[in-house]
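Biologist: Before we use any terms, I would like to hear what each one rests on. Please put the structure up.

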Amino acid sequence: MTWAQQSAPLVDWDWVARNWGQIVDRTWEHLTLTAVSVGLGLVISLALSILALRWRWAYGPITWVTGLMYTIPSLALFAVLVPIVGLNATNAVIALTSYTLLIIIRNLVAGIDGVSESVLEAADGMGYTRRARFWRMEVPLALPVIIAGLRIATVTTVGLVTVTAVLGLGGYGYFILRGLNTFFWTQILVGVVLSVVLATLFDIGFVWLQRFLSPWARRAR
Amino acid sequence: MPSESMIRLADVSKSFPGSVRPAVTNLSLEVGRGEFVTLVGPSGCGKTTTLKMINRIIEPTSGQILIDGQDALATPAHELRRSIGYVIQQIGLFPHRTIAQNIATVPMLLGWEQARIDERVEELVEIVGLEREMLTRYPAALSGGQQQRVGVARALAADPPVLLMDEPFGAVDPIVRKRLQHEFHDLQERLGKTVVFVTHDVDEAIFLGNRMAILNVGGILEQYDTPTTILANPANDFVESFLGGERGLKRLGLLPVSGAELSWGPFVDVSSSPDEGRRVMEEHGVEWLGLLDGERLLGWVDGGALGTSGLEVLEPRPFLVTLSSDSSLRAALDAVVTGHARVAVVVDDGIYRGMLDLEAISEEITE
């Protein structure tokens with residue numbers, strides 16, 4: 001480390017240009033790790049939520065276990081998983097997915113529970129079967145709350161993906177880790193700024209998705 | 001009373017787990033085809049439970065329910081419900097569906113073709129008095145009264161022979177409620193559905209029902225008859241106290257003017273001579289004269305205005321209060337009591353029918 005390096009411009013655009021290919025690769029990595037983890041989290045949460053909605057007594061244990069998982073520090077969880085699955089993407093996805101469960105399940109169940117009793121009675125009275133009522137009434141009506149959960153889960157996951165840099169993955173986290181090791185500000189900034197941009201884009205994307213899927217809820221009551 | 005029964009409850013009981021008293025106890029009730037029956041009683045009388053057992057939102061503990069001769073308990077519940085219109089107090093429109101989609105609910109479940117559904121939705125908008133522009137809106141954009149019209153349209157969509165209504169007008173303000181009651185009354189007369197209508201409002205039950213079933217706590221049927229009969233002859237103290245005061249007046253509210261005896265009154269044709277007019281006034285002991293042109297009512301003139309020339313030269317003044325033959329006797333009584341002439345003038349589309357006085361009305365009360 002010399003003073004010359006420290007007083008260099010904050011962002012070395014030349015470095016950015018030279019490493020453009022890697023930035024694209026890491027973007028893709030960050031995106032897929034996030035999408036796969038949240039996607040998997042949604043599928044598992046949906047299954048567990050249906051379980052919890054059908055058998056109410058299961059809701060307590062499900063939130064207890066997923067809540068416990070949520071409290072495990074991410075670094076520790078990666079480490080614990082190493083002897084089981086190794087130092088790879090599977091490890092990352094398992095850990096990242098487990099963090100999404102509590103948030104998504106809570107919102108799923110709260111969303112479905114929030115559907116008004118009169119709507120359900122009317123649906124029954126019109127002749128909906130139990131299953132049709134769930135998919136065509138309860139799920140669409142819970143969608144704003146479910147998507148709100150997905151938003152939080154996704155933004156959280158975008159942040160957590162950077163930590164998987166310790167596994168040699170990490171998307172933008174790779175830049176942050178490398179930058180910290182070499183005191184190279186450009187790399188740190190690229191990693192931090194792009195993570196924030198990615199999280200923001202996901203967030204905006206979900207807002208759009210929610211407006212598109214539930215146009216009726218635009219004017220919240 | 002229609003001879004053929006559309007809905008038949010035989011010895012139906014319902015006990016809810018954890019409650020000592022049954023909600024409905026051995027209830028037997030028949031509703032004729034095209035009949036409008038109101039279920040009325042204090043809270044806890046099981047009227048809503050009874051209604052919900054008909055479409056099996058609540059399953060009876062014992063007894064038999066026949067709808068159009070078919071055992072309701074033997075049909076899969078969701079299929080049974082598609083053939084029964086259902087309107088609830090909280091309306092329960094589907095917030096994520098447009099008004100058109102809400103109305104189309106049951107036709108969609110029945111798998112109608114889109115063209116047929118669209119046609120039916122248009123038709124229903126007319127029937128229940130909604131505006132077409134509302135069809136593309138979501139329920140949240142409508143007022144309570146409009147929402148309940150949509151609720152009624154949705155219930156009528158697949159043209160079910162039976163309509164179940166659970167305090168449908170209970171959540172709207174009194175003025176809108178009154179209007180909805182009148183509109184629905186007219187609608188029912190046109191459509192001829194078999195309706196079972198739950199309410200805790202005696203006056204609503206009296207106004208709407210062909211027959212009313214008065215239930216007591218525990219689902220015990222105290223009296224089941226036409227409102228006029230029940231008002232005239234309450235079966236017991238419970239029914240009498242439940243009906244409340246002014247039974248005579250309430251009964252008059254149900255009887256049409258056309259059923260009472262009308263008198264002709266001091267009316268002459270405009271072509272009559274002034275002397276003839278004076279003779280008629282004297283005969284009736286009044287100081288005014290009603291003028292007719294053939295059957296048409298022209299108005300009335302003051303006795304002092306009659307001169308020697310023909311009655312055509314006089315300018316008759318209109319009667320301030322007139323009634324039509326299908327007005328209620330209660331409205332007639334009001335007109336007589338508040339009018340100057342102590343009589344009410346009955347006119348249908350300009351055609352003079354006759355006059356109604358206090359005596360004729362009181363005769364109807366005592367009958």
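Modeller: What follows goes through sheets, helices, the chain contact and the cores in turn. Note that this is a predicted model.

Biologist: What does the secondary structure of chain B come to?

Modeller: Chain B has 14 helices and 16 strands. Its C-alpha trace spans about 85 × 50 × 35 Å along the principal axes, and 39% of its 367 residues count as buried.

Biologist: What makes strand 2 and strand 5 of chain B edge strands?

Modeller: The sheet is open, with four strands in the order 2-1-4-5 and antiparallel pairing. Strand 2 (24-32) and strand 5 (70-71) of chain B each have a single partner strand, so one side of each has no neighbour in the sheet.

Biologist: How do you know that strand 1 and strand 4 of chain B are paired?

Modeller: Pairing needs at least two bridges. Strand 1 (residues 5-14) and strand 4 (residues 62-67) of chain B are joined by five bridges, in the antiparallel sense, so by that cut-off they pair.

Biologist: What joins strand 9 to strand 10 of chain B?

Modeller: Strand 9 (residues 211-216) and strand 10 of chain B run antiparallel and share five bridges. In strand 10, B:Asp225 is the bridge partner of B:Met212.

Biologist: How do you know that the span of helix 10 of chain A agrees with its number of residues?

Modeller: Helix 10 (residues 185-213) of chain A has 29 residues, which at 1.5 Å a residue should span 42 Å; the end C-alpha atoms are 42 Å apart, so the two agree.

Biologist: Which residues of helix 10 of chain A are called buried?

Modeller: They are A:Gln187, A:Val190, A:Gly191, A:Ser195, A:Leu198, A:Phe202 and A:Gln210. The term requires 20 or more other C-beta atoms within 10 Å. Their cover includes helix 2 (13-18), helix 3 (20-54), helix 8 (130-161) and helix 9 (172-182) of chain A.

Biologist: How many residues does each chain bring to the contact?

Modeller: Chain B brings 19 residues and chain A brings 17. On the side of chain B, helix 2 gives the largest share, four residues. By class, that side has 10 nonpolar, six polar and three charged residues.

Biologist: Which residues touch the most other members of the largest nonpolar core?

Modeller: Of its 96 residues, these are B:Leu39, B:Ile103, B:Ala153, B:Leu164, B:Val196 and B:Phe197. Helix 6 (residues 89-113) of chain A gives the most to this core, eight residues. A second, separate core has 20 residues, including A:Phe78 and A:Ile176.

Note on methods. Residues numbered from 1 in each chain as written. Chains lettered and ligands numbered in written order. Predicted model: local features only at pLDDT ≥ 70, side-chain atom pairs only at ≥ 80, totals over all residues. Helix = DSSP H or I, 4+ residues; strand = E, 2+ residues; numbered from the N terminus. Expected span 1.5 Å × (residues − 1). Buried ≥ 20, exposed ≤ 12 C-beta atoms within 10 Å, placed from the backbone. Contact = placed C-beta atoms within 7 Å. Nonpolar A, V, L, I, M, F, W, Y, C, P; charged D, E, K, R; others polar. Core = buried A, V, L, I, M, F, W, Y, C linked by C-beta atoms within 7 Å.
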